[in-house]
Amino acid sequence: MTQKTYKVIQWATGTVGQAALKYFIENPVIELVGVLVTNPDKVGKDAGDIVGLPKTGVLCTDSEEAILAMEADAVLFAPSMMTPPVDMVCRLLASGKNVISPAGPFLPNKFFPEHAARVEAACKAGGVSFHSCGIHPGFASDILPLTLARLMSRIDCIEVTEIIDKKRNPMIYTEIMGFGADCDELLANPRRGPDTYQHFYSSMQMIAEGLGVEIEKVTTRFEVSKATADIVHDYGMVKKGTCGGQHYEWTAWVQGKPLIVYHFYWQLGTDLDPLWEVGEAKYRVRIHGDPPMECHLMGQEEEDGRQPFYGIPWTGLLGCTVVPDVCEAATGVVTHFDLGVVKPQGLVRR
Ligand SMILES: NC(=O)c1ccc[n+]([C@@H]2O[C@H](COP(=O)([O-])OP(=O)(O)OC[C@H]3O[C@@H](n4cnc5c(N)ncnc54)[C@H](OP(=O)(O)O)[C@@H]3O)[C@@H](O)[C@H]2O)c1
């Protein structure tokens with residue numbers, strides 16, 4: 001069978017971007033044609049060198065204009081969130097390239113109507129489509145529980161829980177996220193503010209729409225746990241008595257009761273009071289109802305017995321595997337509902 005190929009640009013080579021870049025270089029249905037970087041050390045380097053693969057002949061550029069002028073079917077747009085990405089997303093779309101991006105806000109989303117309208121208009125101008133991708137929001141929090149709902153005869157409540165032990169899975173943002181801060185200060189100023197759930201609202205809305213119900217309101221809760229000993233981690237140290245664990249909880253209410261609850265348990269090891277969750281990093285979906293069900297999404301055990309957290313690379317891969325479907329989709333913002341069952345291509349290489 002001859003497979004159609006797609007010309008793709010990778011925009012930004014952070015953690016998400018590198019997972020995507022590796023995929024694009026290795027996948028036979030993809031032809032990598034451009035890489036946009038901001039880091040001056042990466043400018044002019046071969047794309048293969050960025051991810052430890054053989055040379056590709058594609059050199060990284062920091063010229064946004066050069067990327068805009070390139071001929072390509074799709075861009076995986078994965079910059080950090082420091083600058084609002086909507087302007088550039090719209091320019092890329094209007095230049096005739098399909099855009100897939102984990103850099104929110106996720107669309108469609110009633111909290112960001114102006115963004116949604118601009119992206120929709122840019123899609124029309126370029127005759128292309130836009131798709132938001134990611135593990136959470138974007139997969140574990142929407143299409144996964146909705147797919148699992150096919151195994152239920154009655155649903156009372158869906159809980160999606162992100163569990164990350166940031167000691168076992170070190171992340172550079174540990175201090176910025178408030179670990180090591182005074183617990184009372186953090187409770188008063190959570191690093192994920194009360195409105196952050198709005199960025200994940202498309203996922204809640206997708207479940208509600210799929211189940212044919214309406215969300216009445218979303219409530220939020222935040223609690224912290226104290227380090228019971230000094231905790232040394234890869235990016236620093238958290239002193240005994242300061243914040244060593246955080247639990248964010250966002251609840252969507254339907255017909256006066258919680259229907260969709262997102263929990264985020266981020267902990268640094270186990271010297272914590274309280275200790276909410278133990279074990280490997282994972283996304284866990286629990287659907288209460290008939291029959292009650294539980295599903296864990298996690299990496300396979302490695303030689304050292306640990307199961308790595310793949311949440312960030314999965315975010316890139318979710319964008320990569322959908323490239324052919326988004327390129328073939330109708331013009332406009334396309335959601336999981338529009339795409340139906342995605343057909344990842346070029347993954348089986350014997
Ligand atoms: N939905 C989800 O589940 C989910 C999960 C994870 C991440 N995300 C989103 O995915 C995006 C990428 O995440 P990441 O973990 O890869 O981030 P990251 O590791 O911080 O990398 C982002 C990259 O953006 C580029 N960059 C740095 N400063 C920039 C600036 N001021 N303006 C524009 N670009 C800049 C850099 O690219 P170069 O190194 O190439 O110069 C950097 O490596 C973020 O927007 C994040 O919020 C979504």
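A residue is called buried when its relative accessible area is under 20%, exposed when over 50%, and partly exposed in between (1.4 Å probe, protein chains only). Helices (H or I, at least four residues) and strands (E, at least two) are DSSP runs, numbered from the N terminus. The structure is a predicted model, in which local features need pLDDT of at least 70, side-chain atom pairs count only at pLDDT 80 or more, and totals for chains, interfaces and linings use all residues. Residues are numbered from 1 along each chain as its sequence is written, and side-chain values use heavy atoms, with hydrogens and water left out.

**Helix 9**
- Helix 9 spans residues 311-321, and its buried residues are Gly311, Trp314, Thr315, Gly316, Gly319, Cys320 and Thr321.
- The cover over these buried residues, judged by contact (heavy atoms within 4.5 Å), includes helix 1 (15-26), strand 4 (74-77), strand 5 (98-101), strand 14 (282-290), strand 15 (293-297) and helix 10 (323-328).

- A polar side-chain atom of Thr38 is 2.6 Å from a ligand oxygen atom, and a backbone N or O atom of Ile135 is 3.0 Å from an oxygen atom of the ligand.
- Taken alone, the ligand exposes 930 Å², of which the protein buries 77%; such areas come from the Shrake-Rupley method with a 1.4 Å probe, and for residues only the protein chains shown count as cover.

**Cysteines**
- With a disulfide defined as a pair of cysteine sulfur atoms within 2.5 Å, the count comes to zero.
- Cys133 is buried at 2% relative accessible area, and its sulfur is too far for a bond because the closest cysteine sulfur, in Cys320, is 8.0 Å away.
- Cys157 is likewise buried, at 13% relative accessibility, and its sulfur lies 16 Å from the closest cysteine sulfur, in Cys295, which is too far for a bond.

**Backbone features in loops**
- The peptide bond from His136 to Pro137 is cis, with omega near 10 degrees, and Pro137 is in the loop between strand 6 (129-132) and helix 6 (143-148).
- Ala12, in the loop between strand 1 (6-11) and helix 1, has a positive phi near 85 degrees although it is not glycine; Ala12 is buried, with a relative accessible area of 14%.
- Gln255, also not a glycine, has a positive phi of about 50 degrees and is exposed at 65% relative accessibility.

Note on methods:
A polar contact is a pair of N or O atoms within 3.5 Å; within protein, one must be able to donate a hydrogen and the other to accept it, and residues adjacent in sequence count only if both atoms are side-chain atoms.
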